[in-house]
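I opened the model to look up its overall form first.

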Amino acid sequence: MRKEIEKLLVRVNWQIESKERSLKQEREWLVKETQRGNLNNVKQSCERIEQLEKEILIHKSYKYELEGILKWED
């Protein structure tokens, strides 16, 4: 059981890192679009940023739960 949890934890960590990279890129894109005055693109970018932030929070809650299970098993 421990091995499976550790594999899940690795996957969740990878997902968090991936989402955080996407979030950073989206924020950079938002700045560029804001400077250009493309309001429709700015709105869409804000929505994507909000969604990415929510997904990161969800993945982090999974991570903490898996880490808690591993500590409990020790």
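I took the radius of gyration over C-alpha atoms, and the globule rule as 2.2 Å times the number of residues to the power 0.38. By that rule a compact globule of 74 residues would be near 11 Å, but the protein chain has 17 Å. I noted that this is a predicted model, where local features need pLDDT of at least 70, side-chain atom pairs count only at pLDDT 80 or more, and totals for chains, interfaces and linings use all residues. Residues are numbered from 1 along each chain as its sequence is written, and side-chain values use heavy atoms, with hydrogens and water left out.

**Overall form.** I looked up the box next. The C-alpha atoms fill roughly 55 × 15 × 15 Å along the principal axes. I found 2 helices and 0 strands; both kinds are DSSP runs numbered from the N terminus, helices being H or I of at least four residues and strands E of at least two. Helix α1 covers residues 2-36, and helix α2 covers residues 39-73.

I counted contacts as heavy atoms within 4.5 Å. Of those between residues at least 6 apart in sequence, 72% join residues at least 24 apart. Buried means under 20% relative accessible area, exposed over 50%, partly exposed in between (1.4 Å probe, protein chains only). On that scale, 23% of the 74 residues are buried.

**Two distances.** I checked E6, in helix α1. Its C-alpha atom is 8.0 Å from that of L66, 60 residues away along the chain. E6 is partly exposed at 33%. L39 lies in helix α2 and counts as exposed at 66%. L39 and S22 are 17 residues apart in sequence, yet 21 Å apart C-alpha to C-alpha.

**Salt bridges.** I required a side-chain nitrogen of Lys or Arg within 4 Å of a carboxyl oxygen of Asp or Glu. The count came to 7. One of them joins E55 and K19 at 2.5 Å, N to O. This pair runs from helix α2 to helix α1, 36 residues apart. Both ends are partly exposed: E55 at 21%, K19 at 23%.

I then looked at R27 and E53, whose closest N and O atoms are 2.7 Å apart. R27 sits in helix α1 and E53 in helix α2, 26 residues apart. R27 is partly exposed at 40%, and so is E53 at 33%.

E33 is buried at 3%, whereas R36 is exposed at 58%.
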